[in-house]
Amino acid sequence: MKKQIHKTARIRTSSVLEAFLSLGSPEEDKRVENRMVLAAKIDDALKAQGIGKKQFADMMGQKPSVITKWLSGGHNFTVDTLTDIQRVLDVRLLALDEAMPQQQVYRYVAISSVQIIENKWCIDDGQSYSLPNIPVESAKTTPQHFQRELKLA
Amino acid sequence: MKFELIKLHQLCGRRATVYSVSIDDEEYTLFEKFLIENQKEYEKEVSHIKSQIKAMAQSTGVRDRYFKKPEGKPGQDIWDLRDQPYRHLRMYCMRITGAVIILGGGGPKPKEIRAFQENPKLHWENNQLRMVSDAITQRIKDGDIYWINDGLELAGDFIFDDPTDDP
């Protein structure tokens, strides 16, 4: 069977369009995109649940004109508003339930209690710490109770 | 008036195809003329429009909520894309589907006017796109313009010798 050939529109590229695309910044593009994506997600959730704009306004305790603004793609939502919309529509807008990164452990110790073993700083708690960019010998000559922040190696 | 639908390749993306219109074999499309007329004086407003078109083409599709209510008779899909939050400019578009948009012209809207009809430039730009809209809608109804690539693009006869020739 012969493949059907479709006649598509003439393609245009121009320096005017090139200059247009170079306006602004990628950061601003991303901000605008994120606002529009949020508006789209909310709109999709409303349509999926058959909720109209007036009904949603009542559910959120807002005027319909505010909902129009929210859905226009230009609104800069607060975290609180997104949290409330998530709850009311049962839609995921904030990705805050993802696993938190492991916390760094810091300890303040007296420099006088530090020993250098195998190029690592050690204190008498048995743990070893690394502290790059700080010369050990110069730290040891500082006053006895000089304290440094050590990161767990 | 002769016109042709032109694909603006640099603005297209995986979620939408972007077109404009060339009138009477002029060098620039309606949208390019809008840029030439407004980009210098309203740079941040035009930049915002750029961000919106980019987001629609690459991410969200052409959703009706992003536009101001249709301007024109019922059946004429002439929408108004505004430079939020400034709202100094009006740019008229034809939203064919959630994946196809035709960018027209527009201009600054003086604060003292309430409707585009009160401003000759905006009125003219809006009228241009309405004529285009009528002609394209008729070709779609007749099957002479149709969708391909899962509705992402148009194919068919894009040259209109005189919109009034179409029945």
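In the predicted model, strand 3 (residues 78-82) of chain B pairs with strand 4 (residues 89-97) of chain B in the antiparallel sense, over five bridges. Within this pairing, B:L81 has B:M91 in strand 4 of chain B as its bridge partner. Strand 3 of chain B is largely enclosed by the rest of the structure, because four of its five residues are buried.

Strand 4 of chain B also holds B:L89. This residue has 22 C-beta neighbours inside 10 Å and therefore counts as buried; the cut-off for a buried residue is 20 or more. Neighbours within four places in sequence left aside, B:L89 is in contact with B:N38, B:Y42, B:E45, B:D83, B:G106, B:G107, B:P108 and B:K109.

The largest nonpolar core has 59 residues, and the members that touch the most others are B:V18, B:C93, B:I101 and B:I102. When residues up to four places away in sequence are not counted, B:C93 touches B:W79, B:L81, B:I101, B:I102, B:L103 and B:G104.

Chain B as a whole contains three helices and eight strands. From the N terminus on, its elements follow the order β-β-α-α-β-β-β-α-β-β-β. Of the 167 residues in chain B, 46% are buried. Among the contacts in chain B with a separation of 6 or more, 51% join residues 24 or more positions apart. Helix 1 (residues 30-38) of chain B is mostly covered, with seven of its nine residues buried. The buried residues in this helix are B:L30, B:F31, B:E32, B:K33, B:F34, B:L35 and B:N38. B:N38 is also one of the residues in contact with B:L89.

The contact between the chains takes 29 residues from chain A and 37 residues from chain B. On the side of chain A that touches chain B, the elements giving two or more residues are strand 1 (10-12), helix 1 (15-21) and helix 2 (26-48) of chain A. Helix 2 of chain A gives the most to this side, with nine residues. By residue type, the side of chain A that touches chain B divides into 13 nonpolar, eight polar and eight charged residues. Strand pairing also links the two chains: strand 1 of chain A and strand 1 (residues 3-8) of chain B pair in the parallel sense over three bridges. A:I11 stands opposite B:K7 in strand 1 of chain B.

In chain A, helix 4 (residues 64-71) has A:I67, A:W70 and A:L71 as its buried residues. Seen down the axis of helix 4 of chain A, these buried residues fall within an arc of 90°, so they line one face of the helix. The buried residues of helix 4 of chain A pack against helix 2 and helix 3 (53-60) of chain A. After helix 4 of chain A comes A:G73, whose phi is positive, near 90°.

A:L71 belongs to helix 4 of chain A and counts as buried because it has 21 C-beta neighbours inside 10 Å. With neighbours within four places in sequence left aside, A:L71 is in contact with A:A39, A:I42, A:D43 and B:R65. A:I42 is 29 residues from A:L71 along the chain, and their C-alpha atoms are separated by 7.4 Å.

The mean pLDDT of chain A is 79, and 59% of its residues reach 70 or more. Among the elements of chain A, helix 3 has the highest mean pLDDT (97), whereas strand 6 (residues 147-152) has the lowest (47). Over residues 141-153 of chain A the pLDDT is below 50, and this stretch has 32 contacts in the model beyond near neighbours in sequence.

Notes. Residues numbered from 1 in each chain as written. Chains lettered and ligands numbered in written order. Predicted model: local features only at pLDDT ≥ 70, side-chain atom pairs only at ≥ 80, totals over all residues. Contact = placed C-beta atoms within 7 Å. Nonpolar A, V, L, I, M, F, W, Y, C, P; charged D, E, K, R; others polar. Pairing = 2+ DSSP bridges. Buried ≥ 20, exposed ≤ 12 C-beta atoms within 10 Å, placed from the backbone. Arc of directions from axis to C-beta. pLDDT = per-residue confidence, 0-100. Core = buried A, V, L, I, M, F, W, Y, C linked by C-beta atoms within 7 Å.
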